[in-house]
Amino acid sequence: MSNYENEDSRQKKAIPILLIITALAVCVAVWALFFRDSGPVLTPDQAPVQEEVNAEAIEGDTGEKMESPQGGGSVSLTFSRDVDIDLSDETAYLIFANPGKSNQDMVLQIVVQDTVIVQSGTLKPGNQVTELKLLDKAAKRLSEGVYEGNFNVLYYHPETGEKAIVNTVIPITITVNE
């Protein structure tokens with residue numbers, strides 16, 4: 001057998017291997033572009049135009065505002081540290097209120113293992129939420145069990161929508177059921 005025949009048979013074997021490697025590379029690229037999670041939810045610099053659709057007025061709230069220094073803000077929070085998530089309807093059940101005495105709008109995020117799984121619309125003073133929908137694909141990242149997480153409370157000026165410098169992080173316990 002000559003060197004040409006030996007080299008020719010190696011080339012014939014290498015071509016299918018290179019085609020398989022190329023096909024795998026194309027598959028990985030397609031997955032990375034279209035099917036991979038897009039990353040964490042970013043905090044808006046301006047308050048969302050959309051008010052929270054699940055917000056309801058706080059019963060018996062007088063709406064009397066707290067005093068705050070010129071250019072500053074003051075807030076009051078009412079909440080429970082326990083959150084229940086039902087994966088079947090992709091909903092978080094909670095207690096969170098922005099009492100009327102606050103002079104800032106709020107956006108509430110629920111964070112598990114550094115991943116935002118819920119983000120509300122704007123929650124105006126005098127309103128509360130008891131349920132919020134999970135973000136897209138968040139239900140797929142959770143399984144039944146108990147998680148330690150956080151409420152991230154973001155504050156916004158009610159007239160300009162400008163984000164405040166200060167946020168509040170509140171530790172919570174999240175129970176996930178199917």
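This is a short chat about a predicted model of one protein chain.

Colleague: What am I looking at, and how are residues numbered?
Modeller: It is a predicted model, where local features need pLDDT of at least 70, side-chain atom pairs count only at pLDDT 80 or more, and totals for chains, interfaces and linings use all residues. Residues are numbered from 1 along each chain as its sequence is written, and side-chain values use heavy atoms, with hydrogens and water left out.

Colleague: How many helices and strands does the chain have?
Modeller: The chain has two helices and nine strands. Helices (H or I, at least four residues) and strands (E, at least two) are DSSP runs, numbered from the N terminus. The order from the N terminus is α-β-β-β-β-β-β-β-α-β-β.

Colleague: What share of the chain is buried?
Modeller: Of the 178 residues, 31% count as buried. Buried means under 20% relative accessible area, exposed over 50%, and partly exposed in between (1.4 Å probe, protein chains only).

Colleague: Which residues have the most contacts inside the largest nonpolar core?
Modeller: I85 and F151 do, and that core has 27 residues. A nonpolar core is a set of buried Ala, Val, Leu, Ile, Met, Phe, Trp, Tyr and Cys residues joined through side-chain atoms within 4.5 Å. Elements giving two or more residues to this core include β3 (82-86), α2 (138-141), β8 (145-156) and β9 (163-177).

Colleague: What is I85 in contact with?
Modeller: Leaving aside neighbours within four places in sequence, I85 is in contact with residues including T91, I117, L134 and I174. Contact means heavy atoms within 4.5 Å.

Colleague: Why would nonpolar side chains gather like that?
Modeller: In soluble globular proteins, nonpolar side chains tend to be buried together.

Colleague: New topic. How many salt bridges does a search of the whole structure find?
Modeller: The search finds one. The side chains of D105 and K124 meet in this salt bridge, at 2.9 Å, N to O. The pair links distant parts of the chain, 19 residues apart: D105 is in strand β5 (residues 105-112), and K124 is in the loop between β6 (115-119) and β7 (127-133). A salt bridge is a side-chain nitrogen of Lys or Arg within 4 Å of a carboxyl oxygen of Asp or Glu.

Colleague: Is D105 buried or exposed?
Modeller: D105 counts as buried because its relative accessibility is 2%. K124 is at 26%, so K124 counts as partly exposed.

Colleague: What does the N98 side chain pair with?
Modeller: A polar contact of 2.9 Å joins it to the side chain of S102. The N98 side chain also reaches the backbone oxygen of Q104 at 3.0 Å. A polar contact is a pair of N or O atoms within 3.5 Å; within protein, one must be able to donate a hydrogen and the other to accept it, and residues adjacent in sequence count only if both atoms are side-chain atoms.

Colleague: Last one. Where is Q113 found?
Modeller: Q113 is found in the loop between β5 and β6. Its phi is near 50°, a positive value in a residue other than glycine. Q113 is exposed, because its relative accessible area is 63%.
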